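Colleague: I would like to learn how to read helix packing and a ligand site in a model. Could you take me through one?

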Amino acid sequence: MANMNFSQKRQIYDAEDTENKKTVASKNGGAKTKKKPKSEGSFGSGSTKKAENGIKKSKEIEIPDIKELEKYVLQSIIGQDNQVRKIITSIYKAKKFKTLKSNILIIGKSGTGKTETIKQIAEKLNIPYTIEDATKYTQEGYYGADAMDAIYNLLENCDYNIEKAQQGIIVFDEIDKKVGHEQHDVAGVEVLKSLLKIIEGTKIKIELDPFGAELYDFDTKNIIFIFLGAFSGLEKIRQKRLNTNPLGFSVDNTEKKEKQKSRYLKKDLVEYGIPEEFVGRIDIIIEMDELSKEVLVFILKKSKLSIFRRYQAELRKQGITLSYDGKLFELIAEESLSLDTGARELSNTVNYIFENITYDVLSNPKKYHKCILDLDIVKDNTKYELL
Ligand SMILES: Nc1ncnc2c1ncn2[C@@H]1O[C@H](COP(=O)(O)OP(=O)(O)O)[C@@H](O)[C@H]1O
Ligand SMILES: [Mg+2]
């Protein structure tokens, strides 16, 4: 692979590398960038215009108090109450108390609510964020994404308001795939190491205009970094640790085991292959629970994100009431559990169920007032009746 520098447009300079310490206006309304960070009182307020990555297009965004925020997130995210509280606390805390920023690692299988929880919190608190696919990252100097891309994406998501971006959230998703505990990917380890600088907090120079030579100061010290990953195989490492005491023989004390089991230790992550320096930058480790059948049923019935509820609501708007046996939810959950993608699979199952119904309703507007779902519809989506 050719040894390339950053793309021209995204060239960066270390703060020390240049004499150009001039502070310049940010693109967004000419705010001076070298102003001290926004005071606590202004946390989250102010205007932003953002659609793609979720920041609302509103001038005055009311920031809920922490309990309200928790209640709000729990309307969507089911079965992760403790985890949601921990994530909220660490993000909220960083916003309230400027000196208490934490970097967070969330371990959890696919479709357990890692990304969704962060999105909801960030959007509600009006914090700009970007979700970076770590698998696209390559070592500095090679083709592929690098640490600066994350910064520029974050900036883009708040209309290049530097001050706001400096208080934002950068999520690196699938961080575990970079090290793949079994394959010991040296390049992957280097990628993680190349992120260290921005994670530690550093002052960099950024260029916002592809043609201009103006450099802007950007400080990463208040950015909250959140790392996500499934870390398959980590459980084995934990188990090994729990079954072996330092002298190498088995510990039978179940009480002690249970206590230790309550969390992954950083040394498990190091053994997994995450570089020690990187692990050292993680302040909080949160482990999502796997979603049981009961939780999936609850998501279908109660979550604000429930796709079943959305179909139901849309049909209702067409004047059609749905009729079904409550056992249907269990069957959908069971069907969805057969794949290992958590709540994600619920959408596929539910979309399948409503496929023919949707077609019938769309091709015969105003014709029906009731739709009866047979329990067999989970396996055969012709099993319904429209009246
Ligand atoms: N705990 C949960 N409660 C309710 N819905 C969930 C939960 N976890 C996942 N989902 C649903 O699955 C989708 C994908 O979840 P996501 O948070 O992206 O998963 P991941 O853990 O892989 O990041 C969400 O948009 C949501 O609809
Ligand atoms: Mg995700």
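**Helix packing and the ligand shell**

Modeller: This is a predicted model. Start with a pair of helices: Ile66, Leu69, Glu70, Val73 and Leu74 of helix 1 meet Asp81, Val84, Arg85, Ile88 and Tyr92 of helix 2. Sorted by class, this contact holds 7 nonpolar and 3 charged residues, and no polar ones.

Colleague: How is the packing of two helices described?

Modeller: Two packed helices are described by the angle between their axes and the distance between those axes. Here helix 1 (residues 66-74) and helix 2 (residues 81-96) pack at about 135°, and their axes are 10 Å apart.

Colleague: Is the crossing of helix 1 and helix 2 left-handed or right-handed?

Modeller: Helix 1 passes helix 2 in a right-handed crossing.

Colleague: At what angle do helix 11 and helix 13 pack?

Modeller: Helix 11 (residues 293-302) packs with helix 13 (residues 327-337) at about 120°, with the axes 9 Å apart. That angle makes helix 11 oblique to helix 13. Their crossing is right-handed. From helix 11 the contact takes Lys293, Leu296, Val297, Leu300 and Lys301, and from helix 13 it takes Phe329, Glu330, Ile332, Ala333, Glu334, Ser336 and Leu337. By class these are 7 nonpolar, 1 polar and 4 charged residues.

Colleague: Which residues of helix 13 meet helix 14?

Modeller: Ile332, Glu335 and Ser336 of helix 13 meet Glu345, Leu346, Thr349 and Val350 of helix 14. The contact divides into 3 nonpolar, 2 polar and 2 charged residues. The axes of helix 13 and helix 14 (residues 344-363) come within 9 Å and cross at roughly 120°, and the two helices are therefore oblique to each other. Helix 13 passes helix 14 in a right-handed crossing.

Colleague: Now the ligand. How many residues surround ligand 1?

Modeller: There are 20 residues around ligand 1, and the closest are Gly113, Lys114, Thr115, Glu116 and Ala343. By class, the shell has 6 nonpolar, 11 polar and 3 charged residues.

Colleague: Which helix gives the most to the shell around ligand 1?

Modeller: Helix 3 (residues 114-124) gives the most, with 3 residues. Domain 1 (8-287) and domain 2 (293-386) each supply at least three residues to the shell.

Methods: Residues are numbered from 1 along each chain as its sequence is written. Chains are lettered from A and ligands numbered from 1 in the order in which they are written. This is a predicted model: local features need pLDDT of at least 70, side-chain atom pairs count only at pLDDT 80 or more; totals for chains, interfaces and linings use all residues. Axes are lines fitted to C-alpha atoms, for helices over the stretch in contact, and angles run from 0 to 180 degrees between N-to-C directions. Helices (H or I, at least four residues) and strands (E, at least two) are DSSP runs, numbered from the N terminus. A crossing is left-handed if the near helix is turned anticlockwise from the far one by less than a right angle, and right-handed if clockwise. Two residues are in contact if their C-beta atoms, placed from the backbone, lie within 7 Å. Ala, Val, Leu, Ile, Met, Phe, Trp, Tyr, Cys and Pro count as nonpolar, Asp, Glu, Lys and Arg as charged, and the others, Gly among them, as polar. A residue is near a molecule or strand if its C-beta atom, placed from the backbone, lies within 6 Å of it. Domain bounds come from an automatic or database domain assignment. Angles under 35 degrees count as roughly parallel, over 145 as roughly antiparallel, 65 to 115 as roughly perpendicular and the rest as oblique.
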